[in-house]
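Hello,

Here is the structure I promised to hand over. Please look through it before reading my notes.

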Amino acid sequence: MNFNFGEVLTRAWQITWKYKVLWVFGILASCGRGGGNGGGGNSGGGRSSGSGDGSDFDPNNLFPRDMFQEAAQWLNNNWWIIALIILAVIVLVLLFYYLGTIGKIALIKGTFKAEQGVESMSFGELWSESQPYFWRVFGLSFLIGLAFLVIFLPIVAIGFITAGVGFLCLLPLICILVPVGWALNVILEQADAAIVLEDKSMFDGFKRGWEVTKNNIGPMIVMALILGIGGAIIGVIVALPIIITVIPLAIGATALGASGGVDSLSTPLIIGAACCILYFPVLITLSGVLTTYIQCTWTLTFMRLTKPQDNAPVFVAGNAQ
């Protein structure tokens, strides 16, 4: 079938730019995707005073002999602190996943409302309208993720047990899992749209997503490549200031032993950290805009492929008097 990629991509940007409340849900949806913004916080191990040329550097001084015994004793006496940290991490992961799922549903819902000609949307409206679909979208994503985890964990275990040899033996399977995962992601995008826009159940939504993807393999592959490659390039550009800031610091840290010690790195480290902190809100906002645009594009793709007659020129001409 004929699929107008230019129209979908352009319309997705128009919706993204006009309804800026969707950016907030784009930021929330980014949380669920687990984009790990790694701030490299390596603290240099203090070394004893010396000539500063690194020739007197003793690796054993980094890890005293009784350090692990002291650490084990501390953990034994303060196990409740570790338990609280683990509990806090679990709560945060669940919270981020909840917010990410609601954000994705709201973007789908918002795109649909924009196509219906709604002039404005409110955060509370989209938030409340997204709640009924949470468990279905979450459940489908959880089951697919669990299935991949069941397959992936034995591969990792075999790789560690065999000191990496198992990875070589399982390389064909790993190569197969990559396109399978990519295809499942495309199906899930269509399934989520079906759950929200057609009020499907979890399993019916997956079947609908499979049906739409299977019947439109060509447009799906092209759209996935456009959004995947384009999104990756834009993502790198957005993160470029962080990369430019962190890489020189990492290079300087590796050369620490051959130059002036920790003091020589403290000033650029503080400047780099300050730059990262100042740019972080910009990074979060731009990531939210990018996520909004990508989700709007996938939603419009589903809408165009399932109801192509809505965009046919005959429909517009038929209203002319």
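The model is predicted. Keep that in mind throughout.

Start with helix α4, residues 79-115. It has 37 residues. At 1.5 Å a residue, α4 should span 54 Å, and its end C-alpha atoms are 54 Å apart, so the two agree. Gly117 follows α4, and its phi is positive, near 95 degrees.

Now the rings. Counting ring centres within 6.5 Å as a pair, there are 13 aromatic pairs. One of them joins Phe3 and Phe5. Their ring centres are 4.8 Å apart. Their planes meet at 70 degrees, and over 60 counts as edge-to-face, so this pair is edge-to-face. Phe3 is buried, at 13% relative accessible area. Phe5 is partly exposed, at 22%.

Trp135 and Phe138 form another edge-to-face pair, because their planes stand at 85 degrees. Here the centres are 5.7 Å apart. Both residues sit in helix α6, residues 134-161. They are three residues apart, so about one helical turn separates them. An α-helix has 3.6 residues a turn, so residues three or four places apart point the same way. Trp135 is exposed, with a relative accessible area of 64%.

That pair belongs to a wider group. Ring pairs link Trp135 and Phe138 into a cluster with Phe25, Tyr97, Tyr98, Phe123, Trp127, Phe134 and Phe142.

Best wishes

Terms used:
Residues numbered from 1 in each chain as written. Predicted model: local features only at pLDDT ≥ 70, side-chain atom pairs only at ≥ 80, totals over all residues. Heavy atoms only, no water. Helix = DSSP H or I, 4+ residues; strand = E, 2+ residues; numbered from the N terminus. Expected span 1.5 Å × (residues − 1). Phe/Tyr/Trp six-rings, centres within 6.5 Å; stacked < 30°, edge-to-face > 60°. Buried < 20%, exposed > 50% of the residue type's maximum accessible area, 1.4 Å probe, protein only.
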